[in-house]
Amino acid sequence: MAASLKILGGVALHMRKGFALMLLASGLLAVLAVLPVPTLHAQGRFLANGPLPSVQFPTDNPQTDAKVRLGKQLYFDGRLSSDGTISCASCHKPDAAWADTTPVSEGVGHQKGGRNSPSVINAAYTVPQFWDGRAQHLEKQAVGPVQNPIEMDLTIPQLEGRLSLIPGYVQQFEQVFGMKPTIAGMAMAIAAFERTIVVNDSPYDKYLAGERMAMSRSAMRGMKVFMGKGHCMTCHSGPSFSDSRFHNLGVGFANGKFKDMGRVVVTKDATDTGAFLTQRLRNIAQTAPYMHDGSEATLEAVIEFYDRGGVRNPYLDKAMVPLALTKQEKRELVEFLKALSGTSPVVAVPELPNPELTAQELEEMMKGGAK
């Protein structure tokens, strides 16, 4: 437990220390077995992995219907990529729980990235963004892929030039922001749309709300493993089941080096070598494959990885230790993880403004000096 507490920090540290001590003092597993759920909830026993709070909207990017509609169009518009083939929805697919089904996603020119695409579901609750945390909020995250040469491959002048040649976007940007299209406005609109992609109706949520039969007995036992022997709550804590911190699990470490250096590239702090952001677990059963490189195909494989204690390396998180889970405990842990999945939002692909203007035509118009 000491190792678990060591990685927590700030205010959260005090909260989680309190929660961890509470677990020790009261013997949570025994409590779970005898107390009714509403009682537990009322006493705050589930605060660490409690219900999702309401989405908070930035004061400098207030939510409006018009902005969400604009963001939805931009999210699905391939003209935000150099060859017109890649949109946000290409790698964060609505019909794949807003994630991707392949280990790494494909960008323009069929180029492969190096990291798995996380789901957009409940991204509104994630701070920071990206596996290495290089963007603090959704607004900053949205400008990254557009400029990435492997993903969408547009320069800022190209992006703003294209949007300014699409009358439907010009009109909407004027209506929403009172100005011509900019990359900042694009990011604010896409972030506003992404904040509408929320899931909070999982069996676990219903269980927390007092529906004792919402989770199977197997999932209930898996929850005990999650909170106890599995050491999962060490990092997967909070309503989104993420501590929003970075941990080295040893994923991608071979022959004495990491294929992807992770968080250290952002912070230049050697202790962040090979560390990646703890991912949210809500709807996790719908977003295979897993890990930052998509190297684990199933939840069962992920649990086997953790049961082995990850991959030893000089920066391995101290919380990564062999777990010695039994086969039954592993099965029940999977059942609990499945119980974290709710109904993935279904969103119809919107009609895009001026679809007759292709990416290639927009480029030709820009070369011709069109404004």
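Trainee: Does Lys229 count as buried, partly exposed or exposed?

Mentor: Please keep in mind that this is a predicted model. Buried would require under 20% relative accessible area and exposed would require over 50%. Because the relative accessibility of Lys229 is 35%, this residue counts as partly exposed.

Trainee: With which residue does the side chain of Lys229 meet in a salt bridge?

Mentor: The criterion asks for a side-chain nitrogen of Lys or Arg within 4 Å of a carboxyl oxygen of Asp or Glu. For Lys229 the N to O distance is 3.0 Å, and the partner in this salt bridge is Glu329.

Trainee: How many residues apart in sequence are the parts that the pair of Lys229 and Glu329 ties together?

Mentor: Lys229 lies in the loop between α12 (217–227) and β1 (246–248), whereas Glu329 belongs to helix α15, which covers residues 327–338. On the side of Glu329 the relative accessible area is 18%, so this residue is buried. The pair therefore ties together parts whose separation in sequence is 100 residues.

Trainee: Which helix holds both Glu335 and Lys338?

Mentor: The side chains of Glu335 and Lys338 meet in a salt bridge with an N to O distance of 3.5 Å. Glu335, at 28% relative accessibility, counts as partly exposed, and Lys338, at 40%, is likewise partly exposed. The two residues are 3 residues apart, about one turn of the helix, and the helix that holds both is α15.

Trainee: What is the relative accessibility of Asp100, which forms a salt bridge with Lys93?

Mentor: In this salt bridge the closest N and O atoms of Asp100 and Lys93 are 2.6 Å apart. Lys93 is partly exposed, with a relative accessible area of 23%. Asp100, in contrast, counts as buried, because its relative accessibility is 5%.

Trainee: How much space lies in the largest cavity?

Mentor: If we count cavities of 30 Å³ or more, the structure holds 1. The space in the largest cavity is about 800 Å³.

Trainee: Which element gives the largest share of the lining of the largest cavity?

Mentor: There are 46 lining residues, and the closest to the centre of the cavity are His236, Leu281, Met291, Val302 and Tyr306. The lining divides into 27 nonpolar, 16 polar and 3 charged residues. Two or more residues come from each of β4 (275–277), α14 (299–307) and α15. The largest share, 4 residues, comes from α14.

Technical notes
Residues are numbered from 1 along each chain as its sequence is written. This is a predicted model: local features need pLDDT of at least 70, side-chain atom pairs count only at pLDDT 80 or more; totals for chains, interfaces and linings use all residues. Side-chain values use heavy atoms; hydrogens and water are left out. Buried means under 20% relative accessible area, exposed over 50%, partly exposed in between (1.4 Å probe, protein chains only). On a 1 Å grid over the protein atoms alone, a cavity is a set of points where a 1.4 Å probe fits but cannot get out, and a pocket is an open set with protein on both sides within 12 Å along at least five of seven lines; lining residues have an atom within 4 Å of a point. Grid points are joined across faces, edges and corners, and a volume is the space filled by probe spheres set on the points. Ala, Val, Leu, Ile, Met, Phe, Trp, Tyr, Cys and Pro count as nonpolar, Asp, Glu, Lys and Arg as charged, and the others, Gly among them, as polar.
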